[in-house]
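Have the sequence and the model open as you read.

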Amino acid sequence: MKQKVSIVVMVDAVGALSDRTLHNGNISLIDDSVAGSRHQGTPDLITAVVPGQVVQWTPIHVDVQTPVEIQAIEFLPGAAVPPPADSDDPAVPPAPPAPAYPVEPPPAVPAPDATGSNGHENHDLLVWEGVVPYSMVPGVPYRYRLSLKLHEGPNSVLHIDSPALLRV
C-alpha cells in the first residue's frame, strides 16, 4: 500500500464565482488511491485510505488568472455518506449505515509552508495534508467540508460537504 494518497482539487474558478457554487461541474476531485476509491472526477469523491497513510490535497485552478487555495478542511460529525442520487451502478456498493456511536474526525493538518521558488507564493503548490488515524471505523465514509478561497473579496470562499475518506 502506498504511504501517501494525493487528492487533486481541480476548480473552474470563473464558473464557481459566476454560479456561486462549487457544484455544476465547477470542481473535480481525483485521487491516486489504489484501494478502490469511488466517484472519481466528481465533488462526491470517496477516497479509500488505510490508517497511518498521509492524505494530501492539492488545489489546481483551471483559470490561470484566478488563484485558488484551500481555506480549510473540516471533518463533519459522524454520519455515513448516502450514495449519490444518480448512483444506479450495481458495481458501486451502498454506503454502510451510520455508526451507533460518535465518530471522531481525523485531524487535517495544513502543510507548514508551500512557497514557490524565489520566495514568491505559488498557489499551485499550496497543499494540505493529514495522517489517517487508526481510530477510523472501517467501511464508514468520513465526510469533510472542503473550503476554497477563489481570488479575493468578501464572497471569495466557497465550500462543499460531499467528499469523504473511507478506511478500507
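Starting at the N terminus, the protein chain runs β-α-β-β-β-β-β-β-β-β-β. That comes to 1 helix and 10 strands, with helices (H or I, at least four residues) and strands (E, at least two) taken as DSSP runs and numbered from the N terminus.

A word on what you're looking at: this is a predicted model, where local features need pLDDT of at least 70, side-chain atom pairs count only at pLDDT 80 or more, and totals for chains, interfaces and linings use all residues. Residues are numbered from 1 along each chain as its sequence is written, and side-chain values use heavy atoms, leaving out hydrogens and water.

How confident is the predictor? Mean pLDDT (confidence in each residue, from 0 to 100) is 79 for the protein chain, and 71% of its residues reach 70 or more. Over residues 95-119, though, pLDDT stays under 50.

Of the 168 residues, 44% are buried, meaning under 20% relative accessible area with a 1.4 Å probe, protein chains only.

Take L146: beyond its neighbours within four places in sequence, its contacts (heavy atoms within 4.5 Å) include V9, I27, I70 and I160.

How values were computed:
pLDDT = per-residue confidence, 0-100. Buried < 20%, exposed > 50% of the residue type's maximum accessible area, 1.4 Å probe, protein only.
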